[in-house]
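These are my notebook entries on a structure I had not looked at before. I wrote them in the order in which I looked things up.

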Amino acid sequence: MTLIWSKACFQTETIFDRSSGGGSDMANVAAKREISSAESEELSREAKRAKGDNKNGEESGNEPEWKNILSTFTTSSVLSDSAREKIMFLHGKIAGDEAVVVLEKTPIREDSLAELFKDSKLRLDMRNDIYSSYRLQAPPHLNEIKTTVVCPATEKHVKKYRRQESFLVEETGDDYRSITLPYVQQQSLSLQWVYNILEKKAEAERVVYDDPDPEVGFVLLPDLKWDQKQVDDLYLIAIARQKDIKSLRDLSSEHLPLLHNIFHKGKAAILERYNLPASKLRVYLHYQPSYYHLHVHFTKLGHDAPGCGVERAHLLADVIQNLQADPQFYRTRTLWFPLRADDGLLGRFKEAGRL
């Protein structure tokens, strides 16, 4: 399946079998306030590509081709939804293949207000003294629905997005080595999509900054959860070039040059590209991450990004200071993180009597 665009003003992204990892970025409202993937982590990638085709599903120099791949989508169930967040997660099939479709209303952009007020139609619902309520019918291009398509989707993808109860897990350094790490290694979740980005085999045109150094280098690019229409909900991911760092737990003082490089050059690149100063950025790592290759999240301060809560996010500035004070800080420290009810890792902690 290749990426194509829907006629109904849907900004469509198609994701091909990306791993859901041990965490959850965008499962429901709670997970959305945690992603990627989101996550997000996240599954949580802004992947507009097809193998061997132009990575944005476009011919070079031409406008995107608008077609409705969702005309064949049949809904099996609503996995979760939120009227407040204006988002809905659906499970169904596209041309016989299992699929997950995420529908999310895009934010109103300040630069489109004049056109919105001029070209929209209003229908009065109610008037009472100085108060009145209307239905506003905006022009189609100002009324988009950001649409993420996971196809073919596995049972793991369906579980990832289904609304579920979560539990806060306490993990010691020994727990990580005896419970978490063996579980992660047994999952054998593919990171090929990460390596494709690092090797410029995919999404090269989306890269905001690229440091090719094999030890301290990284690639900075927009996350799936950001539609890039406005900086108010800015969300980028810095993916480290080193391939042997799974998560926060693997970090030691020897990785300080890498972390410093991501921290400072990432902020500088965002200032240059988006004119957003460091004082407006939230820079952090997830634990548990949604995929086990070191990556750092850059989001705009004030944006309620998925996974930015204290139970999962670790500010990169704090991580650096902790490693400066204790070179083995994250290899020995007890960490807490949320796991959903159907997460296999939660089952391992229960079996070990740790929950």
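Before I start, I note that a residue is called buried when its relative accessible area is under 20%. I also note that I am reading a predicted model.

**Entry 1: a tyrosine and its tryptophan partner**

I looked up Tyr274 and found it at 17% relative accessibility, so Tyr274 counts as buried. Its ring pairs with that of Trp226: the centres are 5.2 Å apart and the planes stand at 70°, so I record the pair as edge-to-face. The two residues come from distant parts of the chain, 48 residues apart, with Trp226 in the loop between strand S10 (218–222) and strand S11 (235–240), and Tyr274 in helix H7 (residues 256–274). Trp226 has 1% relative accessibility and therefore counts as buried too.

**Entry 2: other aromatic pairs**

How many aromatic pairs does the rule give? I noted a count of six aromatic pairs. One of them joins Trp193 and Tyr291, whose ring centres are 4.8 Å apart with planes at 70°, so this pair is edge-to-face. Trp193 lies in helix H6 (residues 192–198) and Tyr291 in the loop between strand S12 (281–286) and strand S13 (295–300), so the pair ties together parts that are 98 residues apart in sequence. I checked the burial of Trp193 and Tyr291, and both are buried. Elsewhere I found Tyr287, Phe337 and Phe349 forming one aromatic cluster.

I then looked for charges over rings, and found Lys243 over the face of Tyr195, at 4.4 Å from the ring centre, and Lys350 over the face of Phe167, at 5.4 Å from the ring centre.

The buried residues of H7 include Leu256, Leu259, Ile262, Phe263, Ala269, Ile270 and Tyr274, and what covers the buried residues of H7 includes S9, S10, S11, S12, S13 and H8.

I also checked the length of H7: at 1.5 Å a residue its 19 residues should span 27 Å, and because the end C-alpha atoms are 26 Å apart, I take the two values to agree. H7 is followed by Asn275, whose phi is positive, near 55°.

**Entry 3: a hairpin**

Last, I looked up strand S2 (residues 73–82) and strand S3 (residues 87–94), which pair in the antiparallel sense over eight bridges. Thr74 has Lys93 in S3 as its bridge partner. The hairpin of S2 and S3 has four residues between the strands, and Lys86 takes a positive phi near 55° there.

Notes
Residues numbered from 1 in each chain as written. Predicted model: local features only at pLDDT ≥ 70, side-chain atom pairs only at ≥ 80, totals over all residues. Heavy atoms only, no water. Phe/Tyr/Trp six-rings, centres within 6.5 Å; stacked < 30°, edge-to-face > 60°. Buried < 20%, exposed > 50% of the residue type's maximum accessible area, 1.4 Å probe, protein only. Lys NZ or Arg CZ within 6 Å of the ring centre and 35° of its normal. Pairing = 2+ DSSP bridges. Expected span 1.5 Å × (residues − 1). Contact = heavy atoms within 4.5 Å.
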